[in-house]
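Let's take a look at aromatic rings and how they pair up. Have the sequence and the 3D view open as you read.

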2 protein chains.
Amino acid sequence: MEFGDTGSTPKGAATRNEILRVAADVFASKGFEQTRMDDIIREVGLTKGAIYFHFSSKAMLAQAVVDEQKSRWLRRVQEEILSKNNPLEELRSLGEFMVRTVLSDSSAWGVVHLANQLASTKEHPGGASPLAAWVDLVAGILQRGRASGVLAFSGDPGDAATVIVAAFDGLKSVTDALDPKDLDAFERRANLLLQFLEQQFISSQ
Amino acid sequence: MEFGDTGSTPKGAATRNEILRVAADVFASKGFEQTRMDDIIREVGLTKGAIYFHFSSKAMLAQAVVDEQKSRWLRRVQEEILSKNNPLEELRSLGEFMVRTVLSDSSAWGVVHLANQLASTKEHPGGASPLAAWVDLVAGILQRGRASGVLAFSGDPGDAATVIVAAFDGLKSVTDALDPKDLDAFERRANLLLQFLEQQFISSQ
């Protein structure tokens, strides 16, 4: 639970959002364990008291970063993608959305890993994993697509969705490990992956 | 650089191997940062002096775990897989080998992540990444397979190989995060991934 003002005034909300934005970057570059509240306090340029007024601990702050980004993404996906009401177009748009998100904001996909790191700590506040939300989203599209005959695949939609989300997640981690900061390499490989998925899942009927 | 006996006598070699085996498990379960030399010393049941006789620091020990497993895997792959001299069979066998390795030894794939964690620390002794070795191996098979007409794909073999290795690596991490210790889920999804790769890369001519 947080204490203090969680954004009930416009100024409070702006401060809270600024802390979340900066914290997302610091967590993404240092990892949850290695980040200290002091690192974030220094970067955000507020007093210790001002930060702790909004977030009672590092774990609470990290969970708020995860929750805020998860709800922002799901809202955008709802508006831009699921509104198409066409599973084939939804799958294509979702793939492009994921690639665009990673390319436009270096800390964006890091939030997924922050959630995993947080889940393995003692202080875990217990929010659901954004990875699980992505898998559910993709599984829903696959299921509707197979029912309407535009998508074809064997096995359980949840397993197929996990393979897709995991391939994307792995591509981000592996490219970060082998070719750090090489966004061109990520984009080239991600497009190759989308092309594989297109050939794999689009029904040939 | 290590100091002390690195295994020049049979007894020294046995002790060194036992330390490496235990350390691989401890690093896999706690991660590099969270592991202390004392944790490994306790698990292995030797004196502090005996461990430091073989490995001068935690980073050196972790690098030795990575190097030992990498050379063991590459030797097995060389003997069991590349000896087939048939890129199609090699790709299939390699996929099965990776799945079998993960299923038979819980810390096996963790070594890949240990290498990544190590690479991001100040104390990194500077060994090459096992991920890069896997990518090179797969890229070589893809290249020979395309040249001989049994494998078909567009783009650079290195990029396609990275997508394959990353899909596998991501599947392991994502299944660990969403369904910890569910080896059945991993096996089911890994077989789905191998089936996708089979349909994707095998030339239809």
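## Ring pairs

In this predicted model, the count of aromatic pairs over all chains comes to 18. A pair of aromatic rings is described by the distance of the centres and the angle of the planes.

## A stacked pair of tryptophans

Start with A:Trp73 and A:Trp109. Their ring centres sit 5.8 Å apart and their planes meet at 25°, so this pair is stacked; the cut-off for stacking is under 30 degrees.

Where do the two residues sit in chain A? A:Trp73 is in helix α4 (residues 58-80), while A:Trp109 is in the loop between α5 (87-104) and α6 (110-119), so the pair ties together parts that are 36 residues apart in sequence. A:Trp73 has 6% relative accessibility, so it counts as buried. A:Trp109 is buried too, with a relative accessible area of 1%.

## A tilted pair of phenylalanines

Now for A:Phe153 and A:Phe201. With ring centres 5.7 Å apart and planes at 50°, this pair is tilted. A:Phe153 belongs to the loop between α7 (130-147) and α8 (157-178) of chain A, and A:Phe201 to helix α9 (residues 183-201), so the pair links distant parts of the chain, 48 residues apart. Buried or exposed, these two? Both A:Phe153 and A:Phe201 are buried.

## A cluster, and charges over rings

Back to A:Trp73 and A:Trp109: ring pairs link them with A:Phe97, A:Trp134, A:Phe168 and A:Phe186 into a cluster.

A:Arg146 lies over the face of A:Phe153, 4.1 Å from the ring centre. In chain B, B:Lys58 lies over the face of B:Phe32, at 4.3 Å from the ring centre.

Methods: Residues numbered from 1 in each chain as written. Chains lettered and ligands numbered in written order. Predicted model: local features only at pLDDT ≥ 70, side-chain atom pairs only at ≥ 80, totals over all residues. Heavy atoms only, no water. Phe/Tyr/Trp six-rings, centres within 6.5 Å; stacked < 30°, edge-to-face > 60°. Helix = DSSP H or I, 4+ residues; strand = E, 2+ residues; numbered from the N terminus. Buried < 20%, exposed > 50% of the residue type's maximum accessible area, 1.4 Å probe, protein only. Lys NZ or Arg CZ within 6 Å of the ring centre and 35° of its normal.
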